[in-house]
Amino acid sequence: MHCAHCHRDNDLQLKKAPPDLHGVFKQATLPSGAPATDEQVERTILSGRNMMPPFAGRFTQPQLDALVAYLHTGLQGE
Ligand code: HEC
């Protein structure tokens, strides 16, 4: 399962649509109001959040670093 299934396409038709992750690090805070830091985003990915499933054990640390770095690009051209 990839982030974009929920975060871009909302395939699961979640009632509370997952926030758009484009430019998620361009604001000081995440959609929830939590600070937009690498640590906070990693914690969200590993632990999940409400309707978002936890990804603990699904990513290695280098993969997680690459993902956070990718989100820092603002997902240009996606
Ligand atoms: C099953 C659907 C689903 C998948 C897959 C998913 N998310 Fe989410 N995500 C959500 C939902 C729903 C929320 C909103 C949670 C809330 O605040 O209620 C969310 C919130 C977030 C937030 C914002 C957290 C905050 O504090 O506002 C980030 C960042 C995020 N997701 C990143 C990711 C990344 C990166 C991936 C891929 C590894 C991913 N998500 C995969 C559903 C999903």
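Modeller: Let us begin with one residue. Gly48 touches Pro53 and Pro54, leaving aside residues up to four places away in sequence. Two residues are in contact if their C-beta atoms, placed from the backbone, lie within 7 Å. Gly48 is found in the loop between H2 and H3. This is a predicted model, in which local features need pLDDT of at least 70, side-chain atom pairs count only at pLDDT 80 or more, and totals for chains, interfaces and linings use all residues. Residues are numbered from 1 along each chain as its sequence is written.

Biologist: Why does Gly48 count as partly exposed?

Modeller: A residue is buried if 20 or more other C-beta atoms, placed from the backbone, lie within 10 Å of its own, exposed if 12 or fewer, and partly exposed in between. Gly48 has 13 C-beta neighbours inside 10 Å, and therefore counts as partly exposed. The C-alpha atoms of Gly48 and Leu21, 27 residues apart along the chain, are separated by 15 Å.

Biologist: What makes Asn50 exposed?

Modeller: Asn50 has 8 other C-beta atoms within 10 Å, so Asn50 is exposed. Asn50 also lies in the loop between H2 and H3. Its phi is near 50°, a positive value in a residue other than glycine.

Biologist: Where does Asn10 lie, and why is Asn10 partly exposed?

Modeller: Asn10 belongs to the loop between H1 and H2. Because 14 other C-beta atoms lie within 10 Å, Asn10 is partly exposed. The phi of Asn10 is near 45°, again positive in a residue other than glycine. Asp9 lies in the loop between H1 and H2 as well. With 11 other C-beta atoms within 10 Å, however, Asp9 is exposed. Asp9 and Gly57 are 48 residues apart in sequence and 24 Å apart in space, C-alpha to C-alpha.

Biologist: What does Phe25 contact beyond its neighbours within four places in sequence?

Modeller: Phe25 is in contact with Ala36, Leu71 and His72. Phe25 is found in the loop between H1 and H2, and its 16 C-beta neighbours inside 10 Å make it partly exposed.

Biologist: Which helix holds His7, and why does His7 count as partly exposed?

Modeller: His7 lies in helix H1. The number of C-beta neighbours inside 10 Å is 17, so His7 counts as partly exposed. Not counting residues up to four places away in sequence, His7 touches Pro18, Asp20 and Leu21.

Biologist: How many helices and strands are there in the protein chain?

Modeller: The protein chain has three helices and zero strands. Helices (H or I, at least four residues) and strands (E, at least two) are DSSP runs, numbered from the N terminus. From that end on, the elements run α-α-α.

Biologist: How do you know that the span of helix H3 agrees with its number of residues?

Modeller: The expected span of a helix is 1.5 Å times one less than its number of residues. The 12 residues of H3 (residues 61–72) should therefore span 16 Å, and the end C-alpha atoms are 16 Å apart, which agrees. Just after H3, Gly74 takes a positive phi of about 80°.

Biologist: Why is the radius of gyration said to agree with that of a compact globule?

Modeller: The radius is taken over C-alpha atoms, and the globule rule is 2.2 Å times the number of residues to the power 0.38. With 78 residues, a compact globule would have a radius of gyration near 12 Å; the protein chain has 12 Å, so the two agree. Of these 78 residues, 5% count as buried.

Biologist: Which residues are closest to the ligand?

Modeller: The closest are Cys3, Cys6, Leu30, Ser32 and Met52, among 26 residues that surround the ligand. A residue is near a molecule or strand if its C-beta atom, placed from the backbone, lies within 6 Å of it. The largest share of the shell, four residues, comes from H1.

Biologist: What confidence does the predictor report for the protein chain?

Modeller: The pLDDT, which is the predictor's confidence in each residue from 0 to 100, averages 91 in the protein chain, and 95% of the residues score at least 70. Where pLDDT is low, the predicted coordinates should not be read in detail.
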